[in-house]
Amino acid sequence: MAVSIEELQAKAKQLRKHIIRMTTAAGSGHPSSSLSAVEMITALYFGGFMKYRPQEPQWPSRDRFILSKGHAVPALYAAMAEAGYFTVEATMSLRKLGSVFEGHPNMARMPGIEASTGSLGQGLSIGLGQALGLRLDKLDSRVFVMTGDGELDEGQVWEAAAAAGKFKPGNLTLIVDQNGYQQTGATKDVLDMRPIADKFAAFGWHTQVVNGNCQANAFAALTIATNIKDRPTCIVSQTQKGFGILPLLEAEGDLNYHGKPLSAALAEKAIAFLGS
Ligand SMILES: Cc1ncc(C[n+]2csc(CCOP(=O)(O)OP(=O)(O)O)c2C)c(N)n1
Ligand SMILES: [Mg+2]
């Protein structure tokens, strides 16, 4: 292993601070949805699972990451900044008029973004198409897609799940960020799609259920998934929305904290809470 879990944990902490700073500077955005996804995104970009070239974003042999839960894009911008696509400072223009750091990923304006998302439910279909295209082109590249758990309410996800079961792209990995909440409440109360792994398994997918906020577990799950070449793989990543600063959100009386940035004072507390 070229990188240690401790190094990934340190990187994850940096990503969290960037997420909090950029959404507070924007005065809008989705910090809690971004924070739950940090360990998986850190492992993808810095754990050696994705090959990419920040100086050549369209490199044909790159691996692809599609953030289907596009509202969590601060986590992706933070990772891309740390990877060298642009500076961390640039990401602080998030959601400002004219900035390329839009509130949802826009592939038309930003090299390195593999799909324009934000309308939930579409990323897995896009990723499936890309995975099959790469297979046709005989390129040894993998497509990673991340959805939310509330996002699974969208029927299009299941059309893609069934089609992937039929066409068996061995280069497609889905990560479901199962953080337990969606916009209007707990996912189990709005529309309970559990057991998630069983549903994908029934469509012929390889499945795993892991603690997605444990950096070692995230790394191990991606190691297993990327070694499977004969069928699509799904990682149900059990996380917590706002992970990293949960006690602070609890004190605010809102464990979902959906779609709202931290106030300047709370952001300062959160950065201090995360520590150096
Ligand atoms: C098709 C569609 N419907 C509604 C929305 C509004 N919306 C934005 S985030 C969100 C909640 C998504 O919940 P989940 O997938 O669990 O993601 P989380 O924020 O928990 O990571 C909703 C409903 C949207 N972006 N797209
Ligand atoms: Mg959710």
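These legends accompany close-up views of a predicted model.

**View 1. The largest nonpolar core.** This core holds 70 residues. Four of them touch the most other members: Ile 41, Leu 44, Ala 75 and Tyr 77. Helix 4, residues 73-83, supplies the largest share of the core, with eight residues.

**View 2. Contacts of Tyr 77.** Tyr 77 is among the core residues that touch the most other members. Set aside its neighbours within four places in sequence. Tyr 77 is then in contact with Met 22, Thr 91, Leu 94 and Phe 101.

**View 3. Helix 3 and the residue that follows.** Helix 3 spans residues 38-46 and is mostly covered. Nine of its nine residues are buried. Just after helix 3 comes Gly 48, with a positive phi of about 90°.

**View 4. The shell around ligand 1.** Ligand 1 is surrounded by 21 residues. The closest are Ser 33, Gly 148, Gly 150, Glu 151 and Gln 182. By class, the shell has 13 polar, five charged and three nonpolar residues.

**View 5. A cis peptide bond at Pro 195.** Most peptide bonds are trans. The bond that joins Arg 194 and Pro 195 is cis, with omega of about 0°. Pro 195 sits in the loop between helix 8 (187-190) and helix 9 (196-202).

**View 6. Positive phi at Lys 168.** Most residues other than glycine have a negative phi. Lys 168 is not a glycine, yet its phi is positive, at about 50°. Its place is the loop between helix 7 (155-167) and strand 3 (172-178). Lys 168 counts as partly exposed because it has 16 C-beta neighbours inside 10 Å. The cut-off for a buried residue is 20 or more.

**View 7. Positive phi at Tyr 257.** Tyr 257, a residue other than glycine, has a positive phi near 50°. The residue lies in the loop between helix 11 (246-251) and helix 12 (264-274). Is Tyr 257 buried or exposed? Tyr 257 has 23 C-beta neighbours inside 10 Å, so it counts as buried.

Technical notes
Residues numbered from 1 in each chain as written. Chains lettered and ligands numbered in written order. Predicted model: local features only at pLDDT ≥ 70, side-chain atom pairs only at ≥ 80, totals over all residues. Core = buried A, V, L, I, M, F, W, Y, C linked by C-beta atoms within 7 Å. Buried ≥ 20, exposed ≤ 12 C-beta atoms within 10 Å, placed from the backbone. Helix = DSSP H or I, 4+ residues; strand = E, 2+ residues; numbered from the N terminus. Contact = placed C-beta atoms within 7 Å. Near = placed C-beta within 6 Å. Nonpolar A, V, L, I, M, F, W, Y, C, P; charged D, E, K, R; others polar.
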